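Please prepare a report on the strands, aromatic rings, backbone angles and pockets of the structure shown below.

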Amino acid sequence: MTEREQLYDRVSHTRFLTFLDEPSITIHRLEESYNNYGEYLFVTLSRPGTNRRIYISFWGLGYHEYRERWITDEWFWYQATPRPEFEEQPLLIEEVKRQIEERYNTVKGYVNQATQTRRGQVFEILADLTDEDGAVVEMEDLPDWLLNEDDLDLG
């Protein structure tokens with residue numbers, strides 16, 4: 001991953017798809033599930049490391065409840081802990097890509113339906129400066145007027 005991708009813990013949708021085509025990549029998990037921020041498609045893959053495989057979980061193609069927007073053109077990621085079920089039969093790349101494309105087309109249709117409030121805008125700024133968990137904590141300390149004022153321009 002590039003330095004920027006590591007710094008922001010995210011990659012573009014296009015870049016994510018290129019990872020799937022790498023011959024050394026093994027795809028272990030593909031499922032719709034929840035985390036603290038919403039419902040997403042989760043994809044866990046691994047690649048060879050120096051001493052053992054390195055596992056990475058990507059999450060995207062869902063509605064980020066705190067950011068108040070659909071995540072379609074980027075994937076967040078974190079280094080995953082190996083689990084016994086990851087050692088089962090790897091997933092077939094063609095099936096994984098088909099399901100990702102299906103989910104992408106579904107979620108892309110919702111993008112224009114949602115509107116981000118001031119609260120979502122502030123969260124997004126804080127999350128981009130710190131991280132998702134840090135932004136949640138910071139939001140609790142912000143005054144209501146900052147999160148609800150319609151004429152305060154943050155853009």
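Strand β1 (residues 10-12) runs antiparallel to β5 and is joined to it by 3 bridges, and within this pairing S12 stands opposite E74 of β5. The model is a predicted one, in which local features need pLDDT of at least 70 and side-chain atom pairs count only at pLDDT 80 or more, while totals for chains, interfaces and linings use all residues. Residues are numbered from 1 along each chain as its sequence is written, and side-chain values use heavy atoms, with hydrogens and water left out. Helices (H or I, at least four residues) and strands (E, at least two) are DSSP runs numbered from the N terminus, and two strands pair if DSSP finds at least two bridges between them.

β4 and β5 are also antiparallel, with 9 bridges between them, and Y63 has W70 in β5 as its bridge partner. This hairpin has 4 residues between the strands, and E68 takes a positive phi near 55° there. E68 lies in the loop between β4 and β5 (69-80) and, because its relative accessible area is 15%, E68 is buried; the term covers values under 20%, with exposed meaning over 50% and partly exposed in between (1.4 Å probe, protein chains only). L61, which is not a glycine either, has a positive phi of about 55°, but L61 is found in strand β4 and is buried, with a relative accessible area of 0%. As background, most residues other than glycine have a negative phi.

A search of the whole structure finds 11 aromatic pairs, where rings of Phe, Tyr and Trp (its six-membered ring) pair if their centres lie within 6.5 Å, and planes under 30 degrees apart count as stacked, over 60 as edge-to-face and the rest as tilted. Two of these pairs involve Y40, as the table shows.

| Pair | Centre to centre | Angle between planes | Class |
|---|---|---|---|
| Y40 and F42 | 6.5 Å | 85° | edge-to-face |
| Y40 and W59 | 4.6 Å | 65° | edge-to-face |

Y40 counts as buried because its relative accessibility is 0%, and W59 counts as buried at 6%. Y37, Y40, F42, W59, Y66, F76 and F123 form one aromatic cluster.

Helix α4 (residues 118-129) has 12 residues and reaches 17 Å from its first C-alpha to its last, close to the 16 Å expected at 1.5 Å a residue, the expected span being 1.5 Å times one less than the number of residues. Among the buried residues of α4 are G120, V122, F123 and L126.

The largest pocket has a volume of about 320 Å³. Of the 17 residues that line the largest pocket, Y8, D9, F76, D131 and E132 lie nearest its centre, and α1 (3-8), β5, α4 and α5 (132-141) are the elements that give two or more residues to this lining. On a 1 Å grid over the protein atoms alone, a pocket is an open set of points where a 1.4 Å probe fits, with protein on both sides within 12 Å along at least five of seven lines, and lining residues have an atom within 4 Å of a point. Grid points are joined across faces, edges and corners, and a volume is the space filled by probe spheres set on the points.
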